[in-house]
Amino acid sequence: MTGLNTVLIVVGLFLAGGVYSFSKQKMPTGLIVLLGIASVMCLVAGVLRIQGLWD
């Protein structure tokens, strides 16, 4: 596991926490969707890099 993998996964989890927090605060739906997409992208990129499928 390299530093970039760790950063991608940590950022993805941080954004996922933001999605949860913003949905509890009744923030605009567009912002929640944007954070959700960013979170999923970071987590998937980190996992794919760990698996060696994406260099």
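User: Why is Ile50 called partly exposed, rather than buried or exposed?

Analyst: In this predicted model, Ile50 has a relative accessible area of 37%. Buried means under 20% and exposed means over 50%. The value lies in between, so Ile50 counts as partly exposed.

User: Where is Ile50 found, and how far is its C-alpha atom from that of Asn5?

Analyst: Ile50 is part of helix H2. Its C-alpha atom and that of Asn5 are separated by 6.6 Å.

User: What makes H1 roughly antiparallel to H2?

Analyst: Helix H1 covers residues 3-24 and helix H2 covers residues 29-51. They pack at an angle of about 155°, and their axes are 8 Å apart. Angles over 145 degrees count as roughly antiparallel, so H1 and H2 get that label. The crossing of H1 past H2 is left-handed. By class, their contact has 17 nonpolar, seven polar and one charged residues.

User: How do you know that the span of H2 agrees with what its residues should give?

Analyst: H2 has 23 residues. At 1.5 Å a residue, H2 should span 33 Å. Its end C-alpha atoms are 33 Å apart, so the two values agree.

User: Which residues of H2 are buried, and what covers them?

Analyst: The buried residues are Ile32, Leu35, Ser39, Cys42, Ala45 and Gly46. Their cover includes H1.

User: Which residue follows H2, and what is its phi?

Analyst: Gly52 follows H2. Its phi is positive, near 80°.

Terms used
Residues are numbered from 1 along each chain as its sequence is written. This is a predicted model: local features need pLDDT of at least 70, side-chain atom pairs count only at pLDDT 80 or more; totals for chains, interfaces and linings use all residues. Side-chain values use heavy atoms; hydrogens and water are left out. Axes are lines fitted to C-alpha atoms, for helices over the stretch in contact, and angles run from 0 to 180 degrees between N-to-C directions. Helices (H or I, at least four residues) and strands (E, at least two) are DSSP runs, numbered from the N terminus. Angles under 35 degrees count as roughly parallel, over 145 as roughly antiparallel, 65 to 115 as roughly perpendicular and the rest as oblique. A crossing is left-handed if the near helix is turned anticlockwise from the far one by less than a right angle, and right-handed if clockwise. Ala, Val, Leu, Ile, Met, Phe, Trp, Tyr, Cys and Pro count as nonpolar, Asp, Glu, Lys and Arg as charged, and the others, Gly among them, as polar. Buried means under 20% relative accessible area, exposed over 50%, partly exposed in between (1.4 Å probe, protein chains only). The expected span of a helix is 1.5 Å times one less than its number of residues. Contact means heavy atoms within 4.5 Å.
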